Amino acid sequence: MPEPQKCTGSIDSRELRFSHAMVFAIEEINNSTELLPGIKLGYEIQDSCTSVPLAMQVTFQLSNGIDPVFYSGGNCSQSGMVMATVGESSSTRSISMSRVIGSFDIPQVSYFATCACLSDKQQYPSFFRTIPSDQFQSDALAKLVKHFGWTWIGAVRSDSDYGNNGMASFLEAAQKEGICVEYSVSFYRTHPRSRIQRVADVIRRSTAVVVLAFLASTEMRLLLDELSREPSPPRQWIGSESWVTNPDLLRFSFCAGAIGFGIQKSVIPGLREFLLDLSPSKVAASPVLTEFWEDAFNCRLGKRAAKDERVCDGTEDIQTLTSQYTDTSQLRITNMVYKAVYAIAHAIHNEVCQDTHSKTQCDKFKRIKSKQVLNQLKKVNFSQNGYDVSFDANGDPVARYELVNWQKSESGSIEIVTVGLYDASLPEGQEFRINRNLTWVDGDKHVPVSVCSDSCPPGTHKVLQKGKPICCYDCIPCPEGEFSNATDSPDCFPCPKEFWPNTERDTCLPKPVEFLSYDEVLGIILAAFSLAGACLAIMTAAVFFRHRTSPIVRANNSELSFLLLFSLTLCFLCSLTFIGAPSDWSCMLRHTAFGITFVLCISCVLGKTIVVLMAFRATLPGSNVMKWFGPPQQRMTVVSFTFIQILICTIWLLLRPPFPMENLTTFKERIILECALGSAIGFWVVLGYIGLLAVFCFVLAVLARKLPDNFNEAKLITFSMLIFCAVWITFIPAYVSSPGKFTVAVEIFAIQASSFGLILCIFAPKCYIILFKPEKNTKKHLMNKNQS
């Protein structure tokens with residue numbers, strides 16, 4: 001038969017306080033006249049020594065009725081049967097225990113086992129707890145991290161059911177909150193020191209300022225001991241309830257500023273007096289109390305002392321002892337023990353007692369089974385010392401935590417200060433309530449920053465860094481035409497088609513509307529040239545009218561000359577319709593007026609060219625050609641050619657007329673307000689007809705250029721048509737390639753250039769003779785033949 005396992009190491013005074021809190025609660029219940037009157041509860045306290053094998057051994061002993069009692073209350077109403085168990089502190093040991101006693105329907109109520117896995121009623125049907133599940137704590141921790149804007153943290157956990165399951169729940173909740181974990185490492189108290197050193201080195205080398213420690217108190221103490229040997233850069237610690245409210249760890253000053261969730265601090269009247277009521281006889285009667293006493297006062301009781309050891313002489317005063325056993329200022333887990341005992345008592349009460357109007361009557365002879373207590377535990381709902389106790393379908397209580405902060409006092413010591421509350425039963429977003437200022441790492445009053453990448457400002461978007469978590473990204477400026485108006489925007493968004501982002505690309509502004517206007521320099525210059533050209537044509541007409549009887553005016557059909565000057569005036573003025581904001585009427589007018597006036601102009605020039613040719617033919621003997629091309633025929637020619645253009649323009653306007661439009665494609669950043677052609681065919685037919693007449697006129701002028709008159713007008717027409725054709729041939733590629741308002745400017749320039757070419761080449765030499773060489777303005781001079 002194997003030897004029974006024994007405890008090693010020193011006693012945990014905090015766990016001793018938990019066990020005596022259970023005894024205190026049982027004695028309160030046994031002395032109560034309202035809860036279980038006339039019934040005495042007995043108890044048995046076993047020490048698992050933080051060992052799973054020992055916990056299992058004790059569990060089997062309880063299940064089999066073997067009673068090696070360490071500390072017993074005696075006088076049980078129903079001995080020999082275990083109705084329920086209180087414990088264990090550890091999740092791992094509670095799991096092992098529950099797998100055994102669950103088969104016997106023995107309820108187990110833990111005060112400190114928080115693993116979320118224990119909520120699985122399929123595996124642990126008899127497990128209850130008065131401390132909230134780590135599932136609630138993990139969610140609360142993730143929301144806490146998110147609340148302070150930390151997206152880049154480190155994580156360290158106990159390599160146990162408590163740490164592994166708790167961290168898994170936290171990582172799942174953190175992922176939903178958009179929190180990234182730089183590293184997640186683990187160790188256990190029994191691991192070699194080299195393992196703990198590696199964990200400490202990871203914390204020292206990491207870039208994450210915030211470290212979440214999901215550790216049991218023992219592991220946390222080992223880790224902080226290791227970190228204290230070679231201090232790491234300042235770290236903001238976030239603690240689980242297992243260690244963050246443990247006063248024994250406050251000696252590590254570099255953890256000042258730590259925050260975390262703890263079980264609500266409570267007050268249990270009479271508990272401190274009960275804990276301090278340790279008489280010498282009580283201590284001597286209990287091996288556990290003896291060990292505690294000797295460790296606390298560093299002495300040995302009676303015959304247990306060796307020669308070189310100090311003997312306890314009776315002057316030891318537990319009232320002055322500073323120990324976790326005597327410290328009742330932070331009753332958190334202790335209250336969970338207290339509530340666990342009362343929950344079991346209420347379950348038994350509901351099974352064996354009946355409450356009447358005046359008193360409670362209990363049947364102390366009724367024999368009950370553990371399964372009945374188990375069923376009643378599921379229904380308990382009571383309040384003890386102001387603390388509500390009930391269990392949900394998973395055996396879990398309502399999750400309520402205090403947010404605690406390690407703050408330095410005026411004396412320099414670190415204190416655990418409650419700074420807020422968390423209630424999981426409240427609606428989403430209202431669970432937190434922070435009611436006082438927090439102190440952070442190194443005593444700073446400002447929330448530390450722990451991010452992998454700084455926030456991307458508006459106007460940029462996040463691009464994830466290859467091979468790294470989603471919290472590590474580069475901030476890339478939004479591409480052309482797109483914007484982002486939020487911090488940490490994952491994408492940029494295109495502006496509406498009539499808007500364009502500003503320089504910072506954090507908002508969209510209306511695109512500037514662009515057209516050739518009278519307010520800009522180019523528009524003013526073109527308008528000035530148009531008016532100047534019109535004035536020049538009118539002045540020329542005035543000169544011709546003043547000298548209308550002179551030979552040079554009469555030489556080549558003065559009627560056509562005046563009609564040509566009138567059409568040139570209209571050509572200059574029609575270019576004004578191209579300047580200004582396009583409208584329905586201006587779009588239809590500008591192209592049709594341009595087409596008709598230019599055809600009128602070319603028709604007049606063509607008529608003059610034909611007159612020159614016919615006049616030369618008329619000088620030949622026997623020729624009567626001029627009677628076939630007299631003034632009526634000349635007028636008919638001009639009207640016919642012009643009427644064809646009018647017909648073309650009318651068909652164009654009736655079928656698909658030009659119209660104003662916003663050009664959003666030529667320039668992305670601005671809107672070009674222009675006239676759409678409506679029908680490109682109509683536009684090019686109008687332009688082609690002008691070109692056809694111009695080419696025909698040019699050919700006839702070339703044929704007549706060498707006629708022997710001293711003043712041969714055919715030469716002047718040749719030069720004017722040469723300029724006209726050159727302008728409009730170069731206009732076509734310039735018109736097609738010019739962007740925006742410059743398309744209009746090119747068209748105006750072509751109109752003005754060709755108009756100036758006609759008026760200067762045809763009329764300038766005649767005006768020069770009329771005004772400055774009147775001696776040549778004679779019929780004789782005009783009829784003289786060239787000697788050459």
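Are H4 and H5 oblique or parallel to each other? Hi everyone, let's start there, and please keep in mind that what you see is a predicted model.

Helix H4 covers residues 134-147 and helix H5 covers residues 161-176. In general, a packed pair of helices is described by the angle between the axes and the distance between them. For H4 and H5, the angle is about 45 degrees and the axes are 8 Å apart. The two helices are therefore oblique to each other, and their crossing is right-handed.

So who is touching whom? On the H4 side we have Asp 134, Gln 135, Ser 138, Asp 139, Leu 141, Ala 142 and Val 145, and they meet Tyr 162, Gly 166, Ser 169, Phe 170, Ala 173 and Ala 174 of H5. Sorted by class, the residues of this contact are 7 nonpolar, 4 polar and 2 charged.

While we are on H4, have a look at Ala 140, which also sits in that helix. Ala 140 has a relative accessible area of 0%, so it is buried. Leaving aside residues up to four places away in sequence, Ala 140 touches Phe 261, Tyr 422 and Phe 432.

Helix H1, residues 13-30, packs with helix H12, residues 333-352, at an angle of about 35 degrees, and here the axes are 9 Å apart. The crossing of H1 and H12 is right-handed. From H1, the contact includes Arg 14, Arg 17, Phe 18 and Glu 28, while H12 brings residues including Ile 333, Thr 334, Tyr 338 and Tyr 342. The class count for H1 with H12 is 13 nonpolar, 1 polar and 3 charged residues.

Now over to the loops, and to Arg 670. You will find Arg 670 between strand E23 (659-663) and strand E24 (671-676). Is Arg 670 buried or exposed? Its relative accessibility is 19%, and the cut-off for buried is under 20%, so Arg 670 counts as buried. What does its side chain do? The Arg 670 side chain makes a polar contact with the side chain of Glu 514 at 2.9 Å, and another with the side chain of Glu 669 at 3.0 Å. Not counting residues up to four places away in sequence, Arg 670 touches Lys 511, Pro 512, Glu 514 and Asn 663.

Last stop: the backbone. As a reminder, most residues other than glycine have a negative phi, and most peptide bonds are trans.

Asn 385 has a phi near 55 degrees, a positive value. This residue is in the loop between strand E11 (381-384) and strand E12 (387-390), and Asn 385 is partly exposed, at a relative accessible area of 36%.

Arg 505 has a positive phi as well, near 60 degrees. Look for Arg 505 in the loop between strand E20 (499-501) and strand E21 (508-510); at 27% relative accessibility, Arg 505 counts as partly exposed.

Finally, which residues does a cis peptide bond join? They are Gly 87 and Glu 88, with omega at about 5 degrees. Glu 88 is in the loop between strand E1 (85-86) and helix H3 (91-101).

Technical notes: Residues are numbered from 1 along each chain as its sequence is written. This is a predicted model: local features need pLDDT of at least 70, side-chain atom pairs count only at pLDDT 80 or more; totals for chains, interfaces and linings use all residues. Side-chain values use heavy atoms; hydrogens and water are left out. Axes are lines fitted to C-alpha atoms, for helices over the stretch in contact, and angles run from 0 to 180 degrees between N-to-C directions. Helices (H or I, at least four residues) and strands (E, at least two) are DSSP runs, numbered from the N terminus. Angles under 35 degrees count as roughly parallel, over 145 as roughly antiparallel, 65 to 115 as roughly perpendicular and the rest as oblique. A crossing is left-handed if the near helix is turned anticlockwise from the far one by less than a right angle, and right-handed if clockwise. Contact means heavy atoms within 4.5 Å. Ala, Val, Leu, Ile, Met, Phe, Trp, Tyr, Cys and Pro count as nonpolar, Asp, Glu, Lys and Arg as charged, and the others, Gly among them, as polar. Buried means under 20% relative accessible area, exposed over 50%, partly exposed in between (1.4 Å probe, protein chains only). A polar contact is a pair of N or O atoms within 3.5 Å; within protein, one must be able to donate a hydrogen and the other to accept it, and residues adjacent in sequence count only if both atoms are side-chain atoms.
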